[in-house]
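Subject: Structure handover

Hello,

Here is the structure for your files. Please have it open while you read the notes below.

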Amino acid sequence: MKKVSFLFLLFISIVACSKKESNLLVKGNIEGLKKGTLYLQKIDDTILLNVDSVEISGDANFILEDYIDSPQIMYLTLDKVDNEDYEDRIEFFAEEGEITINTTLKNFQIDAKVTGSANQEKLQDYRAIIKKFNDRNLELIQQNFEAQRDENEELLLDVNKEYDQLLKRKYLYTVNFAITNKDLEIAPYLALAEVFDANIKYLDTIYNSMTPPVKKSKYGKELKEFLKERRKIEKLEEKVEDQ
């Protein structure tokens with residue numbers, strides 16, 4: 001009996017030691033929420049994982065926790081008790097410390113205010129500008145459709161030319177934004193998420209500009225591996241062309 005008790009205590013100790021203390025606290029309030037479940041999620045090896053959850057019943061305040069090795073994109077997902085088939089999800093750039101997310105039930109994503117993360121602040125700045133590029137892109141798509149409908153070749157050529165210029169400007173803005181913020185993890189994240197198909201020299205420029213701590217971060221390591229794979233693919237393509 002003593003042997004069994006000792007083994008049980010040893011097992012508990014091993015489990016306790018293997019579980020790292022949380023270094024990320026996500027708290028906030030969802031105005032108007034009476035009942036539902038909130039999930040804190042992150043992607044690990046392309047799989048979306050629930051790392052913490054809390055049931056809301058009356059009190060719309062919440063606290064969620066996790067341990068992260070370095071800053072990364074995470075999600076606050078609401079599963080409402082309203083017979084809706086979809087979930088509401090807020091994407092945010094998490095980093096060690098305390099992050100506050102306040103929003104409303106009516107406009108869960110749109111009304112979200114996230115504070116406590118330097119990377120999140122920069123991500124919001126970036127997306128505010130990129131929205132202008134995307135809005136113009138939608139206008140060009142509409143113009144392209146109308147030009148094809150009216151068989152207006154001259155307008156079609158002008159629209160396609162502006163689209164190509166807009167895309168180049170968007171890519172250059174993203175590259176410059178990443179370089180400007182080389183001391184934050186948003187730099188490699190934008191390289192991987194927004195301009196992964198850009199000329200490899202631009203991605204190299206982003207990576208080489210990054211500070212040593214950022215290079216050692218989650219997205220810094222992923223960018224390094226991505227560049228390695230891109231070079232392999234380009235070498236293979238060159239060999240095929242030479243044959």
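Which residue in strand 6 is the bridge partner of Met74? The bridge partner is Phe92.

A word on the source: this is a predicted model, in which local features need pLDDT of at least 70 and side-chain atom pairs count only at pLDDT 80 or more, while totals for chains, interfaces and linings use all residues. Residues are numbered from 1 along each chain as its sequence is written, and side-chain values use heavy atoms, with hydrogens and water left out.

The sheet is open and has four strands in the order 3-2-5-6, with antiparallel pairing. Strands (E, at least two residues) and helices (H or I, at least four) are DSSP runs numbered from the N terminus, and two strands pair if DSSP finds at least two bridges between them. Strand 3 (47-57) and strand 6 are at the edges with a single partner strand each, so one side of each has no neighbour in the sheet.

Strand 5 (residues 72-80) is joined to strand 2 (residues 35-44) by seven bridges.

Buried means under 20% relative accessible area, exposed over 50%, and partly exposed in between (1.4 Å probe, protein chains only).

Regards
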